[in-house]
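Trainee: Before I use any of these labels, I would like to know what stands behind each one.
Mentor: Then ask about them one at a time.

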Amino acid sequence: MAASLGTAVHASIEDIVQMDLSGMEDSEIGWLPHSAEQRLRARWDEEREIFENTPRRGDWKEKNYTKARKQQAGGLELLLSHAGVPSLPPSRVTVALWKRVMSLVLAAEGELRTKDGKLMGILDLLLADIDADGVVTGWVVADLKTGKPPSPDLKPEVRRQLLLYRDILVDNNPNPPPIRTEGWYTDNSRAYAADGDPVIDKAYEAWEATQPGTTPLSPTPGPSSCGGFCDWKAWCPHWWTWRKEAGNLHAGDFVDAVVLVHAFESKTGAASIELCEPVDAAGKPMPTGRTIPANFRGRGALMLEALIADGHQGPVYLGSVLTNAQAWQVGSWCDVLPWSPIPDSG
Ligand code: SF4
């Protein structure tokens, strides 16, 4: 939901800085709030459609639209500040002033890519710094951020991202003007500068490390890897054996489990499942005899129905099941997949 909100806000701001203002009087005021609202609503509805067609998701929170409006207003305020008119209410912005704001935008959602094609990023805004005579004195790389503002410094990964954008710009433009890089936090309408040495050499090192090899990477099971969110659990035995050895298999309010589904009533979603445990490092399952009532709902139920329709028999991987009620809850946020661990040998 947070990502959808962020994307809608980003896209609406990028729309507003690329508006067609032809046919409007330069002195016209009062148009910006309506135009901004129209664009946000259109982008919000687009995001909702994408969200609702996403396989694993929670519920769409329509009430967050007010947050999106606040974030969009923060982005507009940052643009107006950059143009030298901070704190001007959008209802007072003339067409002529917005043309000035747009003239400072050199690129919106521009793709940055190194000449060798190895590194890339999507730059939200590239803006011109100008002096009193309107002469360009520098560039500003501005990355819109709808997340929590820094307190007080940018997170290292955000700083690194901004510096990499700057470095790619320098790589592609042999004689650039001075470049500033800023995270534009729409929540509090503040720009946070990222300064520092080039990071591009480290980025190339990271690129080299991502190249596929013939040997599988060593698993790194643990609380901060498998213990969190990992898309590969239905195919990876290591989270399961690690949990068993650590003595916390099936512990907590949200659990991952490998189960046998003994009964499933598609009308109500009620099911009876038997928990399994790994018998070896390869994730061979062994039924434990511990049977639990479960309730499959939403996409969780649809996925189980699809497995049954495909003729799947045997263990099923359930991801992020809610266990704090008498019956385990397998909802739209859960994975329901055949349990098919891939051996380390590939
Ligand atoms: S489940 Fe497997 S792939 Fe995922 S983090 Fe754990 S060890 Fe790595």
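Trainee: Which residues are around the ligand?
Mentor: They are Pro219, Thr220, Pro221, Ser225, Cys226, Cys230, Trp232, Lys233, Cys236, His238 and Trp239. A residue is near a molecule or strand if its C-beta atom, placed from the backbone, lies within 6 Å of it. This is a predicted model, in which local features need pLDDT of at least 70 and side-chain atom pairs count only at pLDDT 80 or more, while totals for chains, interfaces and linings use all residues. Residues are numbered from 1 along each chain as its sequence is written.

Trainee: How many residues of each class does the shell around the ligand have?
Mentor: The shell has seven nonpolar, three polar and one charged residues. Ala, Val, Leu, Ile, Met, Phe, Trp, Tyr, Cys and Pro count as nonpolar, Asp, Glu, Lys and Arg as charged, and the others, Gly among them, as polar.

Trainee: Which domains does the assignment give?
Mentor: It gives domain 1 (2–205) and domain 2 (233–338); such bounds come from an automatic or database domain assignment. The centres of the two domains, taken over C-alpha atoms, are 42 Å apart.

Trainee: How many residues of domain 1 are in contact with domain 2?
Mentor: Four residues of domain 1 are in contact with four residues of domain 2. By class, the domain 1 side has one nonpolar, one polar and two charged residues. Contact means that the C-beta atoms of two residues, placed from the backbone, lie within 7 Å.

Trainee: What makes the span of helix H5 agree with expectation?
Mentor: Helices (H or I, at least four residues) and strands (E, at least two) are DSSP runs, numbered from the N terminus. The expected span of a helix is 1.5 Å times one less than its number of residues. For the 17 residues of H5 (residues 156–172) this gives 24 Å, and the end C-alpha atoms are 24 Å apart, so the two agree.

Trainee: Which residues of H5 are buried, and what covers them?
Mentor: The buried ones are Arg159, Leu162, Leu163, Leu164, Tyr165, Arg166, Asp167, Ile168 and Leu169. Their cover includes strand S1 (105–113), strand S2 (120–130), strand S3 (136–145), strand S4 (179–185) and helix H6 (200–209). A residue is buried if 20 or more other C-beta atoms lie within 10 Å of its own, exposed if 12 or fewer, and partly exposed in between, with C-beta atoms placed from the backbone. Over the 346 residues of the protein, 30% count as buried.

Trainee: Why is glutamate 274 called partly exposed?
Mentor: Glutamate 274 has 15 other C-beta atoms within 10 Å, so it is partly exposed. This residue is found in strand S7 (residues 270–278). Leaving aside neighbours within four places in sequence, glutamate 274 is in contact with Val259, Leu260, His262, Pro287, Thr288, Arg290 and Thr291. The C-alpha atoms of glutamate 274 and arginine 290 are separated by 5.6 Å, although the two residues are 16 apart along the chain.

Trainee: Why is aspartate 15 put in that class too?
Mentor: Aspartate 15 has 18 other C-beta atoms within 10 Å, and therefore counts as partly exposed. Aspartate 15 is found in helix H1 (residues 2–16).

Trainee: Which residues of helix H7 are buried, and what do they pack against?
Mentor: In H7 (residues 238–246), His238, Trp239, Trp240, Thr241, Trp242 and Arg243 are buried. The buried residues pack against strand S6 (254–264) and S7. After H7 comes glycine 247, with a positive phi near 75°.

Trainee: What makes histidine 250 and serine 320 worth a remark?
Mentor: Most residues other than glycine have a negative phi, and most peptide bonds are trans. Histidine 250, not a glycine, has a positive phi of about 65°. Serine 320 also has a positive phi, near 60°. Histidine 250 lies in the loop between H7 and S6, and serine 320 is found in strand S9 (residues 316–322).

Trainee: Why is histidine 250 classed as partly exposed?
Mentor: Histidine 250 has 18 C-beta neighbours inside 10 Å, so it counts as partly exposed.

Trainee: How do you know that the peptide bond from serine 151 to proline 152 is cis?
Mentor: Its omega is near -5°. Proline 152 lies in the loop between S3 and H5.
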